[in-house]
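Take a moment with the structure shown here. Then follow the walk through it, one step at a time.

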There are 2 protein chains.
Amino acid sequence: MGRTSEARQKILGAARSLIEGRGYSALGVAEICKAAGVPKGSFYYFFESKEALALAVVDEHWAAQRRDWETVLGTDADPLLRLRGLFEQTEAGQRAVQEGCGTVSGCLFGNLALELSNHAEPVRGRLQEIFDAQVDMVEAVVAEARDRGDVTVSDPREAARAVVAQLEGQVMFAKLYNSPQRLSPLWDNCRALLGAAGSWTRSAGQA
Amino acid sequence: MGRTSEARQKILGAARSLIEGRGYSALGVAEICKAAGVPKGSFYYFFESKEALALAVVDEHWAAQRRDWETVLGTDADPLLRLRGLFEQTEAGQRAVQEGCGTVSGCLFGNLALELSNHAEPVRGRLQEIFDAQVDMVEAVVAEARDRGDVTVSDPREAARAVVAQLEGQVMFAKLYNSPQRLSPLWDNCRALLGAAGSWTRSAGQA
């Protein structure tokens, strides 16, 4: 196997797995190539630098996650139920990773935002675009819920930012405590943030 | 300067500054000693390993932050106003760092949680203790607010977790977008999460 698109995919897959496990900074190109089972020359045929690889990993992960988000947020269910679907999907995803490799990996974008954003401007820019897009998608659903009278927010964009921040904060704790159950309260917290009818009396006994 | 406590402090200060700027994994002991202006031999006199240094940096930072939190949360002001003070203090702190070095550094504990928790168990354990303590402190204030009828939460601990998660999520975005203003909505978001009277109609026009 040499300079084939299969080799490129193997490098991307190995890099993503290593980045999720140990972060980006600690990785070397030789280690990535060894894990991918490709010669080091292949790496520089496909990627100009380790940073270029990081951007490609981010882009590939977002392409997949964007499809997942669009699927769950684009149904014809009630808007708030679509948001609940997003949280359930997130929790199920983290649970699946934990069952597969023993540890909750967290959010690749959040991990890289905190590890890299202050010393890798291209990565920072790409992650800003991704989180802007996530907020766009949530904002559209929140605006729809508001038009129906389901929520009371006066600023759907700020409310959407709060929801995405809540998601990232709880995913951080799910990773730190290696506990996907940490994501179970997201639905109640989201309804409270949005002032959903009756939600400000939080349900008892959540995980 | 050799094996003095001054040398230890210089190592700790340099390490914290470098970790905040570039993360932990990318650092080497030689680089830390060079920045601290101490010989490499001094490092191993004070610290068994780089990980031991990371734990010492975390402990020192938490000792200071804990005092700040206790001060602002321990006043005799109304409980919700104490929480507002916590958010204002956090925003002012991130703004001061940005003014000093050009970039928002984020939360040292959140940064290390995402960078290290899956491959440095001692650091994970220490960060869990710190976030547990933060949740304890917020929970006490939330319970007091509930006893006064200021908020409607049924589970003060889960509500406190949501508040700390919101804080960490918004601090992540303050770092990613290099914008301390991202922290301004924390007060409105906290009141919404807690079901504070009237808060679920969010105030308009926030930053």
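Predicted model: local features only at pLDDT ≥ 70, side-chain atom pairs only at ≥ 80, totals over all residues.

Which residues of chain A does UniProt give as the "DNA-binding region"? The record, an unreviewed entry, places this feature at residues 28-47 of chain A. In the model, residues 28-47 of chain A are 75% helix and 0% strand.

Now step back to the whole of chain A. How many helices and strands does chain A have? The count is 9 helices and 0 strands. Read from the N terminus, the order of elements is α-α-α-α-α-α-α-α-α. The C-alpha trace of chain A spans about 60 × 30 × 30 Å along its principal axes.

Chain A also splits into domains. Domain 1 covers 1-47, and domain 2 covers 50-194. Their C-alpha centres lie 26 Å apart in chain A. The two domains touch: 16 residues of domain 1 of chain A are in contact with 16 residues of domain 2 of chain A.

Next, bring in chain B. How can chain A be laid on chain B? A turn of 180° does it, with a shift of 0.0 Å along the axis. The RMSD is then 0.0 Å. This is therefore the relation of a two-fold axis. Look at where the copies meet, too. They meet through the same surface, because 100% of the interface residues of chain A are also interface residues in chain B.

The largest cavity has a volume of about 80 Å³. It is lined by 17 residues. Those closest to its centre are I19(A), G23(A), N111(A), K175(A) and L114(B). By class, the lining of the largest cavity has 6 nonpolar, 6 polar and 5 charged residues.

Turn to the second largest cavity. It holds about 40 Å³ of space. From chain A, its lining takes L114(A) and E115(A). From chain B come I19(B), E20(B), G23(B), Y24(B), N111(B), L112(B), E115(B) and K175(B). By element, α6 of chain A supplies at least two lining residues, and so do α1 (5-22) and α6 of chain B. Which element gives the most to this lining? It is α6(B), with 3 residues. By class, the lining of the second largest cavity has 4 nonpolar, 2 polar and 4 charged residues.

One last point concerns the place of this second cavity. Why does the second largest cavity lie between domain 1 (1-47) and domain 2 (53-194) of chain B? Both domains give residues to its lining, so the cavity lies between them.

Definitions and conventions: Residues numbered from 1 in each chain as written. Chains lettered and ligands numbered in written order. Heavy atoms only, no water. 1 Å grid on protein atoms, 1.4 Å probe; cavity = no way out; pocket = protein on both sides within 12 Å on 5 of 7 lines; lining within 4 Å. Points joined across faces, edges and corners; volume = space filled by probe spheres on them. Nonpolar A, V, L, I, M, F, W, Y, C, P; charged D, E, K, R; others polar. Helix = DSSP H or I, 4+ residues; strand = E, 2+ residues; numbered from the N terminus. Domains from an automatic or database assignment. Least-squares fit on C-alpha atoms with pLDDT ≥ 70 in both. Contact = heavy atoms within 4.5 Å. UniProt positions renumbered as here; feature names shortened; annotations may be inferred.
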